[in-house]
Amino acid sequence: STAARNSTHYHCIAHTAAKKPRTPQQRAKMAHMESIYKREQAAELCKRGDLLASRGHLHEAMECVGEGLALHPASKDLKELRDRLTPLLDRLEEELEKAARRAAKRRQLKEKKKTDMKLQDAALVLGVAADCRDEAQLKKAYKKMSLKHHPDRNRGDPSATQRFQRVHDAYESFMVALPEDGGEEVDPSDKSRYDPVAAIAAFKAHLEAKEINSWENFNDVYRRLQRDPEVVGVRTQGERKQAFAEYTTKRLAYEKKQEKEAERVEQARKRGVFLELLASSDFQGRAFVSSSSEWRTCGPRLQEHCRAHKDERWLLLDAEDRQRAFNDFVEQLKDAETAHKEEKRKKRCDAFRTLLDEEVSEASAEAYADLKWSAVDGIIRPKNDSRYKDLSSDSRRRTFLDWRDEKIAALGGDPPPREKSRSRSRERSRRDRRDRSRRSRSRDRSRRDDRSR
């Protein structure tokens, strides 16, 4: 192969150079051949790593990548392969860790089950309850059963030694199951001073103060905290386990809520960044999005702009969230424009009211009630005031009626009822529609007559 020929040629040059001094041309040629050899070796390692990765041997593939980068650090293929293998290895490590955690949990449950079964057998041997944790009672039962089955008291019985050994093993099983601090933490005879509700509440608060997570095991937690006063204050181990289960359930719900809140905050941050992109302008100073923009035309233009300028804000959201954010942004622009137009109209109406105050003044409510818009319009129109021109005819009439009613109410009178009247433009459009429909019916009638003939 090419690599073998280059390697053989390289060794021949090295052997020849060892016999006589190297010239600058020989050293340059040696360096060139060495670089070619390293590149070819790196390419071979890259191919081998890719093949191993396709077969699932990720660690071996990463070793090949490391060796190849040591030979040729600037290899793009090796860097791409390393970038592709790194997240796969991380995910594999996480899965292995989870599997190890699950296996440890299954092993603990299996050991607990074996211990419980062993304690049940030991309880039958000693004649006590399986959940007995009173050391004095266990010692009393052990002494009684050991004296009963002692070989010296059962001479001639070949099974006495075996029974005595079983009693000893049963007592050892109970001793191993006892807590290290000596079994019951509270005096069983003093029941009047024990408040289970307060003790369990203090135990849960202590777990929360120690920031015990929902995935932790009770035995591990109890081994760390068994000498704390809040743990000792709970009477039995069963109450501790029940309280720990309730705490972990509540803690798990809290952790899920925190994760959802963190996801919501992160999504809101990404949405805000994307809205900043929508509010920006192109290089010509034109806004990307206006109140009349549509996603089907504006979306591809924004995507092309972000791709050309390597703007990563486009990739923060998926397609549905981008379109939803775009529609909400357009609605906000429309609302802002509507509010701006309404504010301008209100200012023009206020200016027209000021004009009415300047031009029209009556002394009584009856005089204001007798005012007609046609008369007032004939007074104000010839003056050619800009405040008059800024409003349409309908707006001027409505503003006048509102102004007149306010004046009448201020003077203690009752505003007259308003007549329901249509504007000229509405009347004209209605008349045009009626004429078009009449012409259309006439045309259809003439066509039917032509067909009948």
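User: How many salt bridges does the structure hold?

Analyst: Side chains of opposite charge can pair when their charged atoms come close. In this predicted model, the count of salt bridges is 26.

User: Where do Glu261 and Arg264 lie, and how far apart are they in the helix?

Analyst: Both belong to helix α10 (residues 237-279), where three residues, about one turn of the helix, separate them. Glu261 is partly exposed because its relative accessibility is 37%, and Arg264 is partly exposed at 49%.

User: What separates Lys139 and Glu135 in helix α5?

Analyst: About one helical turn lies between Lys139 and Glu135, because they are four residues apart in helix α5. The salt bridge between their side chains has an N to O distance of 3.8 Å. Lys139 counts as partly exposed with 43% relative accessibility, and Glu135 counts as partly exposed with 29%.

User: Which parts does the pair of Asp328 and Arg271 tie together?

Analyst: The salt bridge of Asp328 with Arg271 brings their closest N and O atoms to 2.5 Å. Asp328 belongs to helix α12 and Arg271 to helix α10, so this pair ties together parts 57 residues apart in sequence. The relative accessible area of Asp328 is 33%, which makes this residue partly exposed; Arg271 is also partly exposed, with 28%.

User: Which residues are linked in a network of salt bridges?

Analyst: One such network links Glu358, Asp385 and Arg387.

User: Turning to aromatic rings, how many aromatic pairs are there?

Analyst: Two rings count as a pair if their centres lie within 6.5 Å, and planes under 30 degrees apart are called stacked. By that rule there are 11 aromatic pairs. Tyr142 and Tyr171 make a stacked pair, with 4.3 Å from centre to centre and 15 degrees between the planes. This pair links distant parts of the chain, 29 residues apart: Tyr142 is in helix α5 (residues 135-148) and Tyr171 in helix α6 (residues 160-177).

User: Is Tyr171 buried or exposed?

Analyst: Tyr171 is buried, its relative accessible area being 12%; the cut-off for buried is under 20%.

User: What is the geometry of the aromatic pair of Trp295 and Phe326?

Analyst: Trp295 and Phe326 form a tilted pair, with 5.1 Å between centres and 55 degrees between planes. Trp295 is in helix α11 (residues 295-309) and Phe326 in helix α12 (residues 319-359), so the pair ties together parts 31 residues apart in sequence. Phe326 is buried, with 1% relative accessibility.

User: Which residues form one aromatic cluster?

Analyst: That cluster consists of Phe352, Tyr368, Trp373, Tyr388, Phe400 and Trp403.

User: Which residues gather in the patch of positive charge on the surface?

Analyst: A patch takes in residues with over 30% relative accessible area and no salt bridge. Here Arg430, Arg431, Arg433, Arg434, Arg436, Arg439, Arg443 and Arg447 gather in a positive patch on the surface. One of them, Arg434, is placed in helix α17 (residues 424-452). Arg434 counts as partly exposed because its relative accessibility is 41%.

User: What separation do the C-alpha atoms of Lys105 and Asn217 have?

Analyst: Their C-alpha atoms are separated by 8.5 Å, while the two residues are 112 residues apart along the chain. Lys105 is part of helix α4 (residues 76-126) and counts as exposed, at 56% relative accessibility.

Notes
Residues numbered from 1 in each chain as written. Predicted model: local features only at pLDDT ≥ 70, side-chain atom pairs only at ≥ 80, totals over all residues. Heavy atoms only, no water. Patch = residues over 30% accessible without salt bridge, like charges linked within 9 Å, V, L, I, M, F, W, Y side chains within 5 Å. Areas by Shrake-Rupley, 256 points an atom, 1.4 Å probe, with all protein chains shown as cover. Salt bridge = Lys/Arg side-chain N within 4 Å of Asp/Glu carboxyl O. Lys, Arg positive; Asp, Glu negative; His and termini not counted. Charge placed at Lys NZ, Arg CZ, Asp CG, Glu CD. Helix = DSSP H or I, 4+ residues; strand = E, 2+ residues; numbered from the N terminus. Buried < 20%, exposed > 50% of the residue type's maximum accessible area, 1.4 Å probe, protein only. Phe/Tyr/Trp six-rings, centres within 6.5 Å; stacked < 30°, edge-to-face > 60°.
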